[in-house]
Amino acid sequence: RIVYLNGTFLPIEEARIPVMDRGFLFGDGIYEVTAVLDGRFADNEAHLRRLDRSLGEIGIPNPHTVAEWTAIQNELVARNNLTEGLIYIEVTRGVQERDFAYPANLAPTVVMFTQAKPVRANAGLAKGASVITVPDLRWARRDIKSVALLAQVLAKQAAVNAGANEAWMVQDGVVTEGASSTAFIVTEAGELITRPLSHAVLPGITRGAVLRLVAGNGLTFVERTFTVEEAKAAKEAFFTSASTIVMPVVSIDGTPIGDGRPGRLALQLRELYIEALTAR
Ligand code: PMP
């Protein structure tokens, strides 16, 4: 596998990050993940915009223009013969003798790699995903896509340990989001609900795409918080992310959602989004 590191394409075994990289020592960095379908990027401009915003929010200079990022991504996809999977970008503040404070004009570290994996066909899709709820232990700026992901690591592992697929994080009784996804429910009245954007959640690119599809197909949605009890009583639940697209949720903490099978709206939105991404 060929990876990109600071201007060079090289075999992954030969790529080296210095011990004093602030990404390693402090989690002082930003990342992005874009899906690749039929060799094409899914909503890549939006991902690169969010990358730029996240970097700006923590004062790391964006080392590349959109055109430069895209050119590197294209070359990496070509060198790895990737047709379906993910492309990962990480930018850390750079390398410096360990110190919490950082000097001006540190050169950021840039790492990019691809992961070949099925995105369209998902082994868990026929059955649907099971979700557990966990306390949201994260910091107060979850809108920044930081590589400091300890709370999400623990949440996801708790889900795996419980035999579940995803953890929905809960604060003050309401669902914030999944460990690596945006949470949605559909009420018995047919209302599609997801949390409004704020510092409390990551502005999901897939979330935005799905809401545009919903609006474009004459369906309605409401941006508001919802409780765990409301989610358990919902007609449907699902989550979205670049890697899972739209994933129906069939149980929360062991409580079946609706009839316990993948919901119709979730599957419909998944199809619509894939269609939009792969249309020529
Ligand atoms: N929330 C969190 C906490 C995430 O980690 C992710 C995935 N990066 C998402 C939401 C979904 O974002 P996107 O649709 O842009 O992948």
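**Domain contacts and the ligand shell**

User: How many residues of domain 1 and of domain 2 are in contact with each other?

Analyst: Two residues are in contact if their C-beta atoms, placed from the backbone, lie within 7 Å; here 21 residues of domain 1 are in contact with 13 residues of domain 2. This is a predicted model, in which local features need pLDDT of at least 70 and side-chain atom pairs count only at pLDDT 80 or more, while totals for chains, interfaces and linings use all residues. Residues are numbered from 1 along each chain as its sequence is written.

User: Which elements supply at least two residues each of the side of domain 1 that touches domain 2?

Analyst: Helices (H or I, at least four residues) and strands (E, at least two) are DSSP runs, numbered from the N terminus. Those elements are strand 3 (29-37), helix 2 (44-57) and strand 5 (85-92), and strand 3 gives the largest share, eight residues.

User: Where do the two domains lie along the protein chain?

Analyst: Domain bounds come from an automatic or database domain assignment, which here places domain 1 at 2-116 and domain 2 at 129-278; their C-alpha centres are 26 Å apart.

User: Which residues around the ligand are the closest?

Analyst: A residue is near a molecule if its C-beta atom, placed from the backbone, lies within 6 Å of it. The ligand is surrounded by 13 residues, of which L202, G204, I205, T206 and A242 are the closest. Helix 5 (205-216) and strand 13 (236-241) are the elements that give two or more residues to this shell, and the largest share, three residues, comes from helix 5.
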